[in-house]
Amino acid sequence: MNYFNYRGDDLYCEDISIEELAEEHETPLYIYSFGTLRRHYQVFDRAFAEVPHLVCFSAKANSNIAILRALINEGSGVDVVSGGELYRALKAGADPRKIVYSGVGKRPEEIRYALESDILMFNVESSQELEAINDEAGATRKKAPVALRVNPDVDPRTHPHISTGLKENKFGIDIDASLEEYLRARELENIEIKGVDCHIGSQILELMPFLDALRRLRDLVKCLRSEGIEIQYLDIGGGLGITYDREEPPHPDEYAKAVIEEVRDLDCTLILEPGRVIAGNAGILVARVLFTKERDGRNFIIVDAGMNDLLRPSFYGSYHQVLPVRKRKRETIVANIVGPICESGDFLVKNREIPSFKRGDLVAIMSAGAYGFTMSSNYNSRPRASELLVSGSLASVIKERETWDDLTKGETIPEFLMRY
Ligand code: LLP
């Protein structure tokens, strides 16, 4: 369910025509629907209502502080993976006691920042990291709350780049070695064990991989308790998939029901780190057609958004639905929608039957609310797009378009080069 719908021939976000927004704010433009975002959060959160739980929205999916704030207002915590994301979460007004911090490469100053901020817990991904956190906590005279992120060696059956819970992936501590690691953690003076954490991958479309992982986690929690290690939180990460094309992922209610079944008797507070399922279909990217060309029967529609704005198609071969912002009576053609970047891999749509867009038309690239703007870059010195948040008939700029001036911010030409 989302609030991007046609009224007559015009695509709307909630109560505003996207054409109007594109005229006023130019393209490329990210547009998010507040109503959709809020609804997705509420559906997900309510699905877990019968057990103690905390939803920590995964900031990597969309870290704009307005988006974070919208979810924080609904009661969300935040899952962060860097000092920068922690900074954003706090700036957006997150309760530090609802922040969890994952990631395989935490720097000392990031660890310190998180300790000083009194976050809920660190999800620790290696023995060396545990030691580093213990050291930093000692220096700050704090006890660091931790969960160990275990790698359950479960195949999430998703794209290899976004599977994380297999032995071959860099993430987490081997579940079979985790008891030993917990016993070590217990001996560390500045560490306080709070929980067990796991995240097996993203865009997962079946319940089975989650359940396989959960069963292994259950056994681990029981085993830890029998060793006298108290486990208060069970963090099962994110990963629930969404519909980009014709996928039929489990509804959050089904997902929650299956999860709750596995953990009900564990007496843990459940932590969930959804990203895509909350934000993915709450945002679109709007681009304008610059030129079209045809060569040897191949059609190229060149738009003003490229892989620097939305990397997913180039990087993963991901499918994003493309809709005309205004429907016109046009035949369909098989075409590629490509960006202005100087790379053959710069495409948004490959060999797909789509309306034959013409110069000046606006196209909406759907399902771009998660891992869209957050993965964008300045490649080819292209200023990053602006972002709008729409609520009803109100549109707010939540990120201004970058300027050429922004591109060289922080760069200097050393004196010796200026003498020529
Ligand atoms: N928790 C952890 C520890 C994660 O690594 C991730 C995603 C999440 C939660 C949220 O997962 P979600 O609910 O969004 O599936 N750039 C890729 C996705 C990478 C996901 C990385 N980790 C894409 O565009 O598909």
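Predicted model: local features only at pLDDT ≥ 70, side-chain atom pairs only at ≥ 80, totals over all residues.
Biologist: Which residues of helix 1 are buried, and which exposed residues does the face turned away from them carry?

Modeller: Helix 1 spans residues 18–25, and I18, L21, A22 and H25 are buried there. These four cover an arc of only 95° around the axis, which puts them on the same side of helix 1. An α-helix has 3.6 residues a turn, so residues three or four places apart point the same way. The face turned away from the buried side carries the exposed residues E20, E23 and E24.

Biologist: What kind of aromatic pair do F44 and F48 form?

Modeller: F44 is buried at 2% relative accessibility, and F48 is buried at 0%. Their ring centres lie 5.4 Å apart, with 45° between the planes. Planes under 30 degrees apart would count as stacked and those over 60 as edge-to-face.

Biologist: How many residues apart in sequence are the parts tied together by the pair of F210 and Y255?

Modeller: The ring centres of F210 and Y255 are 4.9 Å apart and the planes stand at 65°, so this pair is edge-to-face. F210 belongs to helix 8 and Y255 to helix 9, so the pair ties together parts whose separation in sequence is 45 residues.

Biologist: Over which ring does the charged end of R352 sit?

Modeller: A charge over a ring is found at K350, whose charged end sits 4.5 Å from the centre of the F347 ring. For R352, the distance from the charged end to the ring centre is 3.7 Å, and the ring is that of Y319.

Technical notes: Residues numbered from 1 in each chain as written. Heavy atoms only, no water. Buried < 20%, exposed > 50% of the residue type's maximum accessible area, 1.4 Å probe, protein only. Helix = DSSP H or I, 4+ residues; strand = E, 2+ residues; numbered from the N terminus. Arc of directions from axis to C-beta. Phe/Tyr/Trp six-rings, centres within 6.5 Å; stacked < 30°, edge-to-face > 60°. Lys NZ or Arg CZ within 6 Å of the ring centre and 35° of its normal.
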